[in-house]
Amino acid sequence: MTEWNKMVSGMPYRAGDAELVDARKRAQLLMQRYNATTLEDVSLRREILSDLLGAHGIRGAIRTPFSVDYGTNIFLGDDVFMNYGCVLLDVAPICIGNGTEIGPAVQIYAADHPRDAAMRAKGLELGKPVRIGAHVWIGGAAVILPGITIGDGAIIGAGSVVTRDVAPGETVKGNPARG
């Protein structure tokens, strides 16, 4: 099994693997191109996002700067909006549903690290998928931790740190985020 396959399936993997390093370099080049565009560069932006992301729906918008680890593990539905300065660490899939709106400086982490010090000392990392439903609102500077599922229509308050799953329609806020 390749390190890439281990990574996206949530198994411990070696981030220094040549294939992973090359994939991150590719993502960095595409991010640089995307982040150099302006709002008027609609066609160019869509072209770059098509190369960078696993999937992106129609009529969405991602403000620059925008940062990812790989990009190819990010799957966006239709009408997804991300404001300035969002960071998505996509070592495992990050799926965001239709009509979801994400405030500035939001960080979504599928990247994680083993809790066992010996595994970390071996240079192993891991990831857990993040799933965000449709029509979710995530306030500015919120942090979504690895393995979290946020249900349709939920609201995440600005500055919140989401450490547990959020039910559909639930509003949470704070650190850790609570209803």
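Which residue caps the N-terminal end of helix 2? In this predicted model, local features require pLDDT of at least 70 and side-chain atom pairs count only at pLDDT 80 or more, whereas totals for chains, interfaces and linings use all residues. Residues are numbered from 1 along each chain as its sequence is written, and side-chain values use heavy atoms, with hydrogens and water left out.

The cap of helix 2 is Asp17, a side-chain oxygen of which lies 3.1 Å from the backbone nitrogen of Glu19. Helices (H or I, at least four residues) and strands (E, at least two) are DSSP runs, numbered from the N terminus.

Leu20, Ala23, Ala27, Leu30, Met31 and Tyr34 are the buried residues of helix 2, buried denoting under 20% relative accessible area, exposed over 50% and partly exposed in between (1.4 Å probe, protein chains only). Viewed down the helix axis, these buried residues fall within an arc of 105 degrees, so they line one face of helix 2; the arc is that of the directions from the helix axis to the C-beta atoms. The face turned away from the buried side carries the exposed residues Ala18, Leu29 and Gln32. The cover over the buried residues includes helix 1 (3-8), strand 1 (13-14), helix 3 (42-52), strand 2 (61-62) and strand 3 (66-68).

Ser67 is located in strand 3 and is partly exposed, with a relative accessible area of 29%. Residues up to four places away in sequence not counted, Ser67 touches Met31, Cys86, Val87 and Leu88, contact meaning heavy atoms within 4.5 Å.

Terms used
A polar contact is a pair of N or O atoms within 3.5 Å; within protein, one must be able to donate a hydrogen and the other to accept it, and residues adjacent in sequence count only if both atoms are side-chain atoms.
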